[in-house]
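Let's take a friendly walk through a protein model together. Keep the picture open as you read, and look for each residue as it comes up.

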Amino acid sequence: MGEQGQVLVSPQIESFKQGSQSRPFYYGGQIHIEAKHEEYRKLASGLLILASHIGGFGRGSRRPLHMLDRGMRGCHWFVDYEDKLHLKYDREQWQKFFQQLRNAFHNIEHISGNYTSSPFQGGRCQDVFDRNTQIWLMRSPEQKHPVDVNNWSDLNNTRGSGLNLLYSSDNFKGEREIKDSKTGERYTIGNANVGGKFSGVPSYVWIKSIFSPKEDPYQVITIFGVDHRDRLAFARALEAEQALLVIGEMPDGDRSDAIDPTPQPNTPISSSKRQRPDPPKLKR
């Protein structure tokens, strides 16, 4: 705050195509990353790779591009990296990448002097890569790339295997209010302990579709707060479908009350077992 940043990220939109209810908007361009130190540039580049493999932008960023209630929802974006920077359906490659990302965080500590603080507030302790976060890979061989989709109503071939699994049970989906088309009556469905109306918490699951010309499509599924039994149920379902757990572990136990804070919440991916000094106190 009050100081010039260490990294400058500049997106440049070069092409745009108007969207419609059945066809998505399209943007194309370049992303430029500048930094005062090479270590910051490496970290920003690594975070860009991570971001493009786990989620999207804007409303519906937690979901792949798909049709929902006769309207388009979700986001699909990708970055034209060098071939070696594409993360494949490979546990070893994902784990090696995360280790490189941890190292990048450690390498800037002596430059920045900053330390991570917990963003935990009240009952919301998600969207943070802590010890209760998992990343799964799930094959989705029948899924079509967005540019090849002619009929977005063909849900099985556009949503992908991970999103189809999430939508297969209201136990996996947050609490929401729907309206009966015949009677006009409104009623609530879904699971209050995993999102929706519960404390204003959005979905605990991110899903991103990955397409490569050299292999079948797969989806990256990120689960937050997996130590809660209602959220763990979706992880168990992924396990039953032989999805690949690449980041995180299955917890030994689980909490039954989603409102209680997670024990020792929000240990970031940049943490290590070595003892850190306390961050400097601010002076008035």
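Thr158 has its place in helix α3, which covers residues 155-159. This is a predicted model, so every position here is a prediction. Is Thr158 buried or exposed? Thr158 has a relative accessible area of 3%, and because buried means under 20%, Thr158 counts as buried.

What does Thr158 touch, once its neighbours within four places in sequence are set aside? Its contacts are Leu65, Gln143, Val149, Asn151 and Trp152. Ser209 is 51 residues away from Thr158 along the chain, and the C-alpha atoms of the two are separated by 9.8 Å.

## The chain as a whole

Now step back and view the whole chain. The protein chain has five helices and 11 strands. Of its 284 residues, 38% are buried. Its accessible surface comes to about 17,300 Å², and carbon and sulfur atoms account for 47% of that.

Among contacts with a separation of 6 or more, 64% are between residues 24 or more positions apart.

In soluble globular proteins, nonpolar side chains tend to be buried together. Here, the largest nonpolar core has 29 residues, and the members that touch the most others are Ile54, Trp94, Phe98, Ile135, Leu137, Tyr218 and Val220. Which elements give two or more residues to this core? They are α1 (38-54), α2 (91-112), β5 (134-139), β9 (205-212), β10 (215-223) and β11 (244-247). Apart from this core lies another, of 22 residues, which include Phe172, Tyr204, Ile221 and Leu245.

Ile207 is in strand β9 and is buried, at 0% relative accessibility. Leaving aside neighbours within four places in sequence, Ile207 has contacts that include Ile54, Arg62, Pro64, Leu163, Val220 and Ile221. Ile207 and Leu137 are 70 residues apart in sequence, while their C-alpha atoms are 9.7 Å apart in space.

## Rings and charges

Next, look for the aromatic rings. There are nine aromatic pairs in the count.

Another pair, Trp206 with Phe224, is edge-to-face, with 5.2 Å from centre to centre and 70° between the planes. Trp206 is in strand β9, and Phe224 is in the loop between β10 and α5 (229-240), 18 residues apart. Trp206 is buried with a relative accessible area of 18%, and Phe224 is buried with a relative accessible area of 0%. One aromatic cluster is formed by Phe97, Phe98, Phe129, Trp206 and Phe224.

Charged groups meet rings as well. Which residue has its charged end over the ring of Tyr89? Arg139 does, at 3.8 Å from the ring centre. Likewise, the charged end of Lys173 sits over the ring of Tyr167, 4.7 Å from its centre.

## Two residues in loops

Asp90 lies in the loop between β4 (71-73) and α2, and is partly exposed, with a relative accessible area of 33%. Asp90 and Leu244 are 154 residues apart in sequence, but 8.4 Å apart in space from C-alpha to C-alpha.

Gln242 is in the loop between α5 and β11. Is Gln242 buried or exposed? Gln242 counts as exposed, because its relative accessibility is 69% and exposed means over 50%. Gln242 is not a glycine, although it has a positive phi of about 65°.

## How confident is the prediction?

The chain has an average pLDDT of 80, and 79% of the residues score at least 70. Over residues 115-122 the pLDDT is below 50, and this stretch has 14 contacts in the model beyond near neighbours in sequence. The pLDDT is also below 50 over residues 258-284, a stretch with 50 such contacts. Where pLDDT is low, the predicted coordinates should not be read in detail.

Technical notes. Residues are numbered from 1 along each chain as its sequence is written. Side-chain values use heavy atoms; hydrogens and water are left out. A nonpolar core is a set of buried Ala, Val, Leu, Ile, Met, Phe, Trp, Tyr and Cys residues joined through side-chain atoms within 4.5 Å. Buried means under 20% relative accessible area, exposed over 50%, partly exposed in between (1.4 Å probe, protein chains only). Helices (H or I, at least four residues) and strands (E, at least two) are DSSP runs, numbered from the N terminus. Rings of Phe, Tyr and Trp (its six-membered ring) pair if their centres lie within 6.5 Å; planes under 30 degrees apart count as stacked, over 60 as edge-to-face and the rest as tilted. A charge sits over a ring if NZ of Lys or CZ of Arg is within 6 Å of the ring centre and within 35 degrees of the ring normal. pLDDT is the predictor's confidence in each residue, from 0 to 100. Contact means heavy atoms within 4.5 Å. Accessible areas come from the Shrake-Rupley method with a 1.4 Å probe; for residues, only the protein chains shown count as cover.
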